[in-house]
Amino acid sequence: MCLVLIAFESHPRFSIILAANRDEFYDRPTAAAAFWPEAPAVLAGRDLRASGTWLGIDRAGRFAAVTNYRQGEREPAAPRSRGRLVSDFLTSGMDARMYLKQVAREAEQYNGFNLLVGDTGQLWYFSNREGRIRGLSPRVYGLSNHLLDSPWPKVTAGKHALGALLLEAAPELGSGLLRLLSDRHQSADHLLPTTGVGLAWERLLSSAFISSPDYGTRSSTAVLVAHDGRVSFIEQSFGPGGTPAGQAHYEFALGGSQSTAFT
């Protein structure tokens, strides 16, 4: 996943408002978001190659999201998949801060990552490229493939767009989050970060929504967790060239066992 925008305790109706794009090669096998048969409380997509996930939430309101840390040269394969950082948290039942303490002790087992974990009352961040656990206060945050709130153009623009969206009527938030994630505008060359991947790739990766024949945004996800415990989870999937490839939409109440799926 290459862009996560989150408004934590920044809206009168919602404790969590999250918008995220997962960028990946189109040939990497993936399952759309669903409640997992072996862990019925967990709602997430699934990477079918390494069995982890990039973003998910459980019925207790615990959620997590991970992004890679971009540093140019390809790292040798690490012993553990970064997607397991999310799935292991969601299936563990652990408190968010205690989980990050465990992750920090094993951080060298993973390639570079950024990890957000939390629930309706807390939000925490850890990167094994920064090395410290941070508790986050209520406001809007942006994360791409560098450290939290690094001023990359799409992070800055996304935070501003999310802040503006918070002022709109609540029924429009879900569609508004997907709309801001669909921005294909590429940044001017002088604004691009230098991460060692070359100018052509920096240009391609500079937009919120990425589209190319082989690599791009595979899914856009909007998650709304209301103060009354209602959760809305919408995942729009995409194929090569950004072609829509299906939508998963679930609504449920925290602490319950029932959910409504929309098609």
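Start by selecting Ser-187 and its surroundings: leaving aside neighbours within four places in sequence, Ser-187 is in contact with Pro-153, Leu-192 and Ser-206 (contact means heavy atoms within 4.5 Å). Ser-187 sits in the loop between H4 and H5; helices (H or I, at least four residues) and strands (E, at least two) are DSSP runs, numbered from the N terminus. With a relative accessible area of 13%, Ser-187 is buried (buried is under 20% relative accessible area, exposed over 50%, partly exposed in between, with a 1.4 Å probe and protein chains only).

A word on what you have open: this is a predicted model, where local features need pLDDT of at least 70 and side-chain atom pairs count only at pLDDT 80 or more, while totals for chains, interfaces and linings use all residues. Residues are numbered from 1 along each chain as its sequence is written, and side-chain values use heavy atoms, with hydrogens and water left out.

Next, select helix H3 (153-165). Which residues of H3 are buried? They are Lys-154, Val-155, Gly-158, Leu-162 and Leu-165. Look down the axis of H3: its buried residues fall within an arc of 95 degrees, so they line one face of the helix (the arc is that of the directions from the helix axis to the C-beta atoms). To see what they pack against, show strand S1 (3-8), S2, strand S10 (139-143), helix H4 (173-181) and H5.

Now for the cavities. The whole structure holds 2 cavities of 30 Å³ or more. On a 1 Å grid over the protein atoms alone, a cavity is a set of points where a 1.4 Å probe fits but cannot get out, and lining residues have an atom within 4 Å of a point. Grid points are joined across faces, edges and corners, and a volume is the space filled by probe spheres set on the points.

Finish at the largest cavity, with about 60 Å³ of space. Select its lining residues, including Ile-16, Leu-55, Phe-63, Val-223 and Phe-233. S5 gives the largest share of this lining, 3 residues. By class, the lining divides into 9 nonpolar, 1 polar and no charged residues.

Conventions: 1 Å grid on protein atoms, 1.4 Å probe; cavity = no way out; pocket = protein on both sides within 12 Å on 5 of 7 lines; lining within 4 Å. Nonpolar A, V, L, I, M, F, W, Y, C, P; charged D, E, K, R; others polar.
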